[in-house]
Amino acid sequence: MKCERLWTNARLATMQGGAAGLGVIEHGAVGMAAGTITYVGSMIDAPAAAETIDCEGRWITPGLIDPHTHLVFAGDRIAEFELRQKGASYEEIARAGGGIVSTVHATRAASEAELVASALPRLDALIAEGMTTIEIKSGYGLSVEDEAKMLRAARVLGEVRPVTVRTTFLGAHALPGEYAGDADGYIDLVCNEMIPMVAAAGLADAVDAFCENIGFTPAQTERVFAAAKRHGLPVKLHAEQLSNQHGAAMAARHKALSADHLEYLDDDGIAAMAASGTVAMLLPGAFYFLRETKLPPVAALRAANVPIALATDCNPGTSPLTSLLLTMNMAAVQFGLTVDECLLGVTRHAAHALGRQAEAGTLDVGKHCDLAIWDIERPADLVGRIGFNPLHQRIWMGQ
């Protein structure tokens, strides 16, 4: 088949190298037609093309994927950073009315257009490092109207920038002030009004919850998951970040796309995730920013062949991070991930965590032509350096 465009004289990291390999092709080429990859392989066997681009020996990877963000919000929480510098913990700040609830006040006061405008610089920073797909959660509105507003703003971001946006409804993120002391009543609202609304309006691609000692109980989370299932939405979960609530095992029982954070994950949770195919989503930015010391059980996840994804967790309070390159470095340095694991974590496994493995995450015929072309000597340059952005060109849907 003749290609519309062919990138040639490249070194390819296809991310198809088995369980933990990059699938490198030296002297490779990638062909594209109608926004879809039509050829991946040796230059020698490449088909004819209407346009040929000489990559001059550069590396090509799939476009990077950020599969866990809270990119849309209003206001900031720099004051909380100062409090933590003086010794206050995340939980103490949250229980004193800070944390998520403080962002809720600012987000409710903002218009949809203001939310889009404030999110664009964060999105642009990620795009500038080769990101082509991003997940964006709600969860700072905590009312029917404001959750919808956040999700609409996230959808708009995918219209005004060349990027694929996947949205996640996170109504069960925190307890709003008007439901103080009535968490079950708020979960009623989430299950009976919010989830039906976002499903009917096509605003969400998945449903998430914060199952934690300062969030919602496993029983309340089960109710959210059951409502998501009734409306045909897959689930994922903030689990085992601050304590072991056995949320990851519960998420796995519901065939969750991912369980995220996982510092306090136990062996039963790992076994359940391995059996269900649930991806382990590690968020080193939050671990770093909160000065956590309890490491996620990477060796046990690796031994159980649980796929590991990485994400920025971009949010105003606990991970104000807009760099997947730095995320990979943090995961390598803090968690001991290998270079290959880091790169797979923001490509193939990240796509899996979004349920998009048929469309993105590897250089493979039939997938979207989302590419990142790098001025590097070896893939380790993308992980082992700090403050270094070697992106030469980013291609989204062939353009």
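Visitor: How do the residues of the lining of the second largest cavity divide into nonpolar, polar and charged?
Guide: In this predicted model, that lining has four nonpolar, six polar and two charged residues.

Visitor: Which residues line the second largest cavity?
Guide: Ile 37, Pro 62, Gly 63, Ile 65, Thr 132, Thr 133, Glu 359, Ala 360, Gly 361, Thr 362, His 368 and Asp 370.

Visitor: And how much space lies in the second largest cavity?
Guide: About 50 Å³.

Visitor: How many cavities of 30 Å³ or more does the structure hold?
Guide: Two. The largest cavity has a volume of about 120 Å³.

Visitor: What lines the largest cavity?
Guide: Its lining comes to 13 residues, and those nearest its centre are Tyr 90, Ile 100, His 173, Asn 315 and Thr 318. By class, four residues of the largest cavity's lining are nonpolar, seven polar and two charged.

Visitor: OK, pockets now. What volume has the largest pocket?
Guide: About 390 Å³.

Visitor: Which residues lie nearest the centre of the largest pocket?
Guide: Ala 94, Val 101, Ala 174, Leu 175 and Ile 214, out of 19 lining residues. By class, the lining of the largest pocket has eleven nonpolar residues, seven polar ones and one charged one.

Visitor: Which element gives the most to the lining of the largest pocket?
Guide: Helix α2, with three residues. Both α2 (90-95) and α3 (100-109) supply at least two residues each to the lining of the largest pocket.

Visitor: Switching to rings. How many aromatic pairs are there?
Guide: The count is five aromatic pairs. One of them is Phe 73 with Tyr 140, an edge-to-face pair with 6.4 Å centre to centre and 80° between the planes.

Visitor: Where in the chain do Phe 73 and Tyr 140 lie?
Guide: They are in distant parts of the chain, 67 residues apart. Phe 73 is in the loop between β6 (64-66) and α1 (78-85), and Tyr 140 is in the loop between β7 (131-137) and α5 (144-160).

Visitor: Is that pair, Phe 73 and Tyr 140, buried or exposed?
Guide: Both Phe 73 and Tyr 140 are buried. Another aromatic pair is Tyr 186 with Phe 216, which is stacked at 6.2 Å centre to centre with 25° between the planes.

Visitor: Where do Tyr 186 and Phe 216 lie?
Guide: Tyr 186 is in helix α6 (residues 183-201), while Phe 216 is in the loop between β9 (206-211) and α7 (218-230). They are 30 residues apart, and the pair links distant parts of the chain.

Visitor: Why does Phe 216 count as buried?
Guide: Because its relative accessible area is 2%, and buried means under 20%. Tyr 186 is buried too, at 0%.

Visitor: Which residues form one aromatic cluster?
Guide: Tyr 179, Tyr 186 and Phe 216.

Visitor: What lies over the face of Phe 73?
Guide: Arg 122, at 3.7 Å from the ring centre. There is also Arg 385, whose charged end sits over the ring of Phe 388 at 3.5 Å from its centre.

Visitor: Backbone next. What is the phi of Glu 56?
Guide: Near 55°, a positive value in a residue other than glycine. Most residues other than glycine have a negative phi.

Visitor: Where is Glu 56?
Guide: In the loop between β4 (49-54) and β5 (59-62). Glu 56 is exposed, with a relative accessible area of 56%.

Visitor: What about the phi of Arg 291?
Guide: Arg 291 has a positive phi of about 55° and is not a glycine. Arg 291 lies in the loop between α10 (284-289) and α11, and its relative accessible area of 59% makes it exposed.

Visitor: Where does Val 306 lie?
Guide: In the loop between α11 (298-303) and β13 (308-310). Val 306 counts as buried, at 5% relative accessibility.

Visitor: Overall, how many helices and strands has the protein?
Guide: It has 15 helices and 15 strands. Of the 399 residues, 57% count as buried.

Visitor: What radius of gyration has the protein?
Guide: It is 21 Å, which agrees with the value near 21 Å for a compact globule with 399 residues. Along the principal axes, the C-alpha atoms fill a box of roughly 70 × 40 × 40 Å.

Key:
Residues numbered from 1 in each chain as written. Predicted model: local features only at pLDDT ≥ 70, side-chain atom pairs only at ≥ 80, totals over all residues. Heavy atoms only, no water. 1 Å grid on protein atoms, 1.4 Å probe; cavity = no way out; pocket = protein on both sides within 12 Å on 5 of 7 lines; lining within 4 Å. Points joined across faces, edges and corners; volume = space filled by probe spheres on them. Helix = DSSP H or I, 4+ residues; strand = E, 2+ residues; numbered from the N terminus. Nonpolar A, V, L, I, M, F, W, Y, C, P; charged D, E, K, R; others polar. Phe/Tyr/Trp six-rings, centres within 6.5 Å; stacked < 30°, edge-to-face > 60°. Buried < 20%, exposed > 50% of the residue type's maximum accessible area, 1.4 Å probe, protein only. Lys NZ or Arg CZ within 6 Å of the ring centre and 35° of its normal. Rg over C-alpha atoms; globule rule 2.2 N^0.38 Å.
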